[in-house]
Amino acid sequence: MIRILLAEDMNMVRGALVALLELEPDIEVAAEVESGDDILPAALKARPDVAVLDIDLPGIDGITAAAALRRELPQCRVLILTSLGRPGNLRRAMDAHVSGFILKDAPPDRLAAAIRGVAAGQRVVDPQLAIAAWDAVENPLTSREVEVLRLAAGGAEAVEIAARLFLSPGTVRNYLTAIVAKLNARNRVDAIRMAQESGWV
């Protein structure tokens with residue numbers, strides 16, 4: 001029996017996925033959560049074989065949670081299930097060492113097959129997304145710049161970003177200026193939009 005944890009913030013979608021997966025004779029939904037912050041505590045309690053995570057969750061996003069799972073519960077494999085089929089998200093997921101990445105509009109039987117594949121130690125990636133990622137522009141931002149931009153995208157001002165990252169406000173402003181220049185953006189808002197569309201944040 002493959003025990004899974006499911007993280008999806010939309011109640012109706014989560015309920016439908018649970019009902020769908022419970023029809024599979026070899027898959028058991030051991031835990032379900034709606035927030036990224038709940039993924040690690042629920043996984044440490046339920047000890048699933050596979051965590052099926054949406055990217056866009058309240059609290060920390062699914063890819064950040066995947067990285068935490070790898071550190072704290074390395075035997076739990078991660079399958080990203082998302083509607084955000086951007087090449088940058090696939091790259092971020094690969095960097096977090098997830099085992100699979102499929103889109104929510106895939107046929108239902110593909111989800112069960114992907115869970116089985118991931119549980120068996122295989123890499124499962126949506127073929128169309130893999131091709132798009134191959135052709136995608138490389139993220140020019142450093143990991144620190146991505147961190148700063150992610151917080152800015154969440155509405156944090158320079159002083160708040162500085163406090164959270166243990167930097168000075170001037171350093172944060174320098175990072176934001178460098179980000180705008182690297183992306184050839186008009187301003188910070190444009191830089192955030194461009195990075196989000198590329199799946200870098």
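Chat on a predicted model: sheet, helices and cores

Me: Where does Leu103 lie?
Reply: Leu103 is part of strand E5, which covers residues 100–103. Helices (H or I, at least four residues) and strands (E, at least two) are DSSP runs, numbered from the N terminus. Residues are numbered from 1 along each chain as its sequence is written. This is a predicted model, in which local features need pLDDT of at least 70, side-chain atom pairs count only at pLDDT 80 or more, and totals for chains, interfaces and linings use all residues, while side-chain values use heavy atoms, with hydrogens and water left out.

Me: Is Leu103 buried or exposed?
Reply: Leu103 is buried, because its relative accessible area is 16%; buried means under 20%, exposed over 50%, and partly exposed in between (1.4 Å probe, protein chains only).

Me: In what order do the strands of the sheet come?
Reply: The open sheet has 6 strands in the order E2-E1-E3-E4-E5-E6, with parallel pairing. Its edge strands are E2 (27–33) and E6 (124–125), each of which pairs on one side only. Two strands pair if DSSP finds at least two bridges between them.

Me: How many bridges join E3 to E4?
Reply: There are 4 bridges between E3 (residues 50–53) and E4 (residues 77–82), and the two strands run parallel. Val52 has Leu79 in E4 as its bridge partner, and Val50 stands opposite Arg77 in E4.

Me: And E1 with E2?
Reply: E1 and E2 pair in the parallel sense over 6 bridges. The bridge partner of Ile4 in E2 is Val29.

Me: Why is E1 described as largely enclosed?
Reply: 5 of the 6 residues of E1 are buried, so E1 is largely enclosed by the rest of the structure. For E4, too, 5 of the 6 residues are buried, so E4 is largely enclosed by the rest of the structure.

Me: Turning to helices, which strands does H1 lie across?
Reply: Helix H1 (residues 11–22) lies across E1 (2–7), E2 and E4, and runs at about 165° to E2. Helix H2 (residues 39–46) packs on the sheet and touches E1, E2 and E3, its direction making about 165° with that of E1. Axes are lines fitted to C-alpha atoms, for helices over the stretch in contact, and angles run from 0 to 180 degrees between N-to-C directions. Contact means heavy atoms within 4.5 Å.

Me: What about H2 and H3?
Reply: The axes of H2 and H3 (residues 62–72) come within 10 Å and cross at roughly 35°. Ile39, Leu40, Ala43 and Leu44 of H2 meet Ala65, Ala68, Leu69 and Glu72 of H3.

Me: Which residues touch the most other members of the largest nonpolar core?
Reply: They are Leu5, Ile39, Leu53, Leu69, Val78 and Ile80, in a core of 26 residues. A nonpolar core is a set of buried Ala, Val, Leu, Ile, Met, Phe, Trp, Tyr and Cys residues joined through side-chain atoms within 4.5 Å. Apart from that core lies another, of 22 residues, with Leu149, Ala162, Val172 and Ala185 among them.

Me: Where is Arg47, and what is its phi?
Reply: Arg47 is found in the loop between H2 and E3. Its phi is positive, about 50°, although Arg47 is not a glycine. Most residues other than glycine have a negative phi. Arg47 counts as partly exposed, at 46% relative accessibility.

Me: And His97?
Reply: His97 lies in the loop between H4 and E5, and its phi is near 65°, a positive value in a residue other than glycine. At 45% relative accessibility, His97 counts as partly exposed.
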